[in-house]
Amino acid sequence: DAGAPASEALRFFAPMPQVLESLAASRAALSTPAVQTAIAAAEQALAGQGGRLLVRPSGTESCIRVMAEAPDEKAAQSVVAKLCACIRHSAQGSPR
């Protein structure tokens with residue numbers, strides 16, 4: 001629409017709630033089979049809702065960042081909480 005404000009005309013996606021948690025753990029915790037399985041399950045669950053998941057070690061701190069986007073904040077919080085619990089459990093058995 002030629003008369004629409006740029007903020008509307010250029011809107012290509014609808015923003016979704018994001019939940020981000022940083023947890024103290026080494027990157028080794030991400031390579032365990034349990035965590036890899038949990039990440040894959042979370043990605044699949046969120047993709048089915050149009051959401052997404054980002055899990056990565058920090059480049060500057062000894063922590064892992066877990067971010068989820070979902071159509072509603074409660075779903076994103078649930079995914080992040082479950083995944084962080086799995087990573088914490090895995091990190092207890094991994095050297096830091």
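The model is predicted.

**Helix α3**

Helix α3 runs over residues 73-92. It has 20 residues and reaches 28 Å from its first C-alpha to its last. That is close to the 28 Å expected at 1.5 Å a residue.

Which residues of α3 are buried? They are A75, A76, V79, V80, L83, C84, C86, I87, S90 and A91. Seen down the axis of α3, these buried residues fall within an arc of 160 degrees, so they line one face of the helix. An α-helix has 3.6 residues a turn, so residues three or four places apart point the same way.

The face of α3 turned away from the buried side looks outward. Its exposed residues are K74, K82, H89 and Q92.

What covers the buried residues of α3? The cover includes the strands β1 (18-24), β2 (52-57) and β3 (63-69). Helix α2 (33-47) is also part of it.

**How α2 and α3 pack**

Two packed helices are described by the angle between their axes and the distance between the axes. For α2 and α3 the angle is about 170 degrees, and the axes are 9 Å apart. An angle over 145 degrees counts as roughly antiparallel. The two helices, α2 and α3, are therefore roughly antiparallel to each other.

Residues from both helices meet. From α2 come A34, V35, A38, I39, A42 and L46. From α3 come V79, L83, C86, I87 and S90. These α3 residues are also listed among the buried ones.

**R65 and S58**

R65 lies in strand β3, while S58 is found in the loop between β2 and β3. Are they buried or exposed? Residues under 20% relative accessible area count as buried. The table gives both values.

| Residue | Relative accessible area | State |
|---|---|---|
| R65 | 18% | buried |
| S58 | 7% | buried |

R65 has a polar contact of 2.7 Å, side chain to side chain, with S22. Leaving out residues up to four places away in sequence, R65 touches L20, E21, S22, L54, V55, R56 and S58.

A polar atom of the S58 side chain lies 3.0 Å from the backbone nitrogen of E61. M16 is 42 residues from S58 along the chain, and their C-alpha atoms are separated by 23 Å.

Methods: Residues numbered from 1 in each chain as written. Predicted model: local features only at pLDDT ≥ 70, side-chain atom pairs only at ≥ 80, totals over all residues. Heavy atoms only, no water. Helix = DSSP H or I, 4+ residues; strand = E, 2+ residues; numbered from the N terminus. Expected span 1.5 Å × (residues − 1). Buried < 20%, exposed > 50% of the residue type's maximum accessible area, 1.4 Å probe, protein only. Arc of directions from axis to C-beta. Contact = heavy atoms within 4.5 Å. Polar contact = N/O pair within 3.5 Å; in protein donor to acceptor, adjacent residues only side chain to side chain. Axes fitted to C-alpha atoms, helices over the stretch in contact; angles between N-to-C directions. Parallel < 35°, antiparallel > 145°, perpendicular 65-115°, else oblique.
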